[in-house]
Each structure stands twice: as C-alpha cells, then as structure tokens.
Amino acid sequence: FKNSNQAVYIFMDDTYKVCNKRFSSLLGYNSPDEWAKVNKNVPSVFVADKSVSTLINAYRNAMEKMIGSNFNITWKKKSGGTVDTNVILVPVVYQEHLFALHFVSKK
C-alpha cells in the first residue's frame, strides 16, 4: 500500500479512511495523515461538484451490491485547483469490515 506506484486510498466512512503518500500528494496534502484528518463534508471537500454523484453511486454499488467499477473523477486540490483522474473502486471485506479500495490514476 505505502510503496505502491499508484495513488491508493481505502474508505469505510468519513472517519475511517487511509491513503498512501501518492494520493495525498496528488491532492496537495503534505502527508497521508493530514488528508485522513479531514472528516467533515467528505466527499465534497475532496471531489469536484460534477463528480460527487459518480463517486457516491460507485461507492453505494460497492457497499450494497459488492460491485467494482471504473470511472472518471475530478478531485479538488487543497490549494484550490483540480486534478482529473481515473478511479478503479473495489469492494473488500477484511475481518468482517466492508470497505472500498480505490486505485487512482492521473489522466
């Protein structure tokens, strides 16, 4: 996870999320810990308005139906800019907890 050449984050809910350095850097955060500490208004803090429903629908399908997906998302950078990406979302169960594993590639 930490050594991946791809930006990756794991999301269970607004409080329980983790990312690697590549993902936090992609969005302009100094560290994965700084990104993870943001726990209000997720995903609206991180995701451009035009992409929010796409991400939410993919997440719901993963959590409710165990369906993986591949889609485009525009993220909001901490600095105020945006970055366009392709996301592969995979539902995963570990120790009876369901969460979504996201692989993010800059376009």
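Two residues are in contact here when they have heavy atoms within 4.5 Å of each other. With that in hand, take E34: leaving aside its neighbours within four places in sequence, E34 is in contact with Y29 and K78.

Before going further, a word on the model. This is a predicted model, in which local features need pLDDT of at least 70 and side-chain atom pairs count only at pLDDT 80 or more, while totals for chains, interfaces and linings use all residues. Residues are numbered from 1 along each chain as its sequence is written, and side-chain values use heavy atoms, with hydrogens and water left out.

**The sheet**

Helices (H or I, at least four residues) and strands (E, at least two) are DSSP runs, numbered from the N terminus. Two strands pair if DSSP finds at least two bridges between them. Strands of a sheet pair through backbone hydrogen bonds, either parallel or antiparallel.

In what order do the five strands lie in the open sheet? The order is β2-β1-β5-β4-β3, and the pairing is antiparallel. At the edges are β2 (17-19) and β3, each of which pairs on one side only. From one strand to the next, the twist averages 30 degrees. Angles like this run from 0 to 180 degrees between N-to-C directions, and the axes are lines fitted to C-alpha atoms, for helices over the stretch in contact.

| Strand pair | Bridges | A residue and its partner |
|---|---|---|
| β4 and β5 | 10 bridges | L89 and H102 |

A hairpin through five residues leads from β1 to β2. Is β1 enclosed or open? Four of the five residues of β1 are buried, so this strand is largely enclosed by the rest of the structure. Buried means under 20% relative accessible area, exposed over 50%, and partly exposed in between (1.4 Å probe, protein chains only).

**Helix α3 against the sheet**

Helix α3 packs on the sheet, where it touches β1, β3, β4 and β5, and its direction makes about 140 degrees with that of β3. The expected span of a helix is 1.5 Å times one less than its number of residues. For the 17 residues of α3 this should give 24 Å, and the end C-alpha atoms are 25 Å apart, which agrees.

Which residues of α3 are buried? They are S51, V52, L55, A58, Y59, A62 and M63. Seen down the axis of α3, the buried residues fall within an arc of 145 degrees, so they line one face of the helix; the arc is that of the directions from the helix axis to the C-beta atoms. What covers these residues includes β1, β3, β4 and β5. The face turned away from the buried side carries the exposed residues K50, E64 and K65.

**The nonpolar core**

In soluble globular proteins, nonpolar side chains tend to be buried together. A nonpolar core is a set of buried Ala, Val, Leu, Ile, Met, Phe, Trp, Tyr and Cys residues joined through side-chain atoms within 4.5 Å. The largest one here has 26 residues, and Y9, F23, L27, W35, F46, W75 and V104 touch the most other members. Two or more residues come from each of β1 (7-11), α1 (21-26), α3 (49-65), β3 (69-76), β4 (82-94) and β5 (97-106). The largest share, six residues, is from α3. As for F23, not counting residues up to four places away in sequence, it touches A7, V8, Y9, W35, W75 and V104.

**Some single residues**

Back to E34, which lies in helix α2 (residues 32-36). At 22% relative accessibility, E34 counts as partly exposed. N20, in the loop between β2 and α1, counts as buried at 1%. Leaving aside neighbours within four places in sequence, N20 is in contact with F1, K2, S4, Q6, A7, V8 and P32.

The loops hold some backbone details too. In the loop between α2 and α3 is P43, and the peptide bond from V42 to P43 is cis, with omega near 10 degrees. M66, in the loop between α3 and β3, has a positive phi of about 60 degrees although it is not a glycine. M66 is partly exposed, with a relative accessible area of 44%. In the loop between β4 and β5 sits E96, whose phi is near 65 degrees, a positive value in a residue other than glycine. E96 is exposed, with a relative accessible area of 78%.
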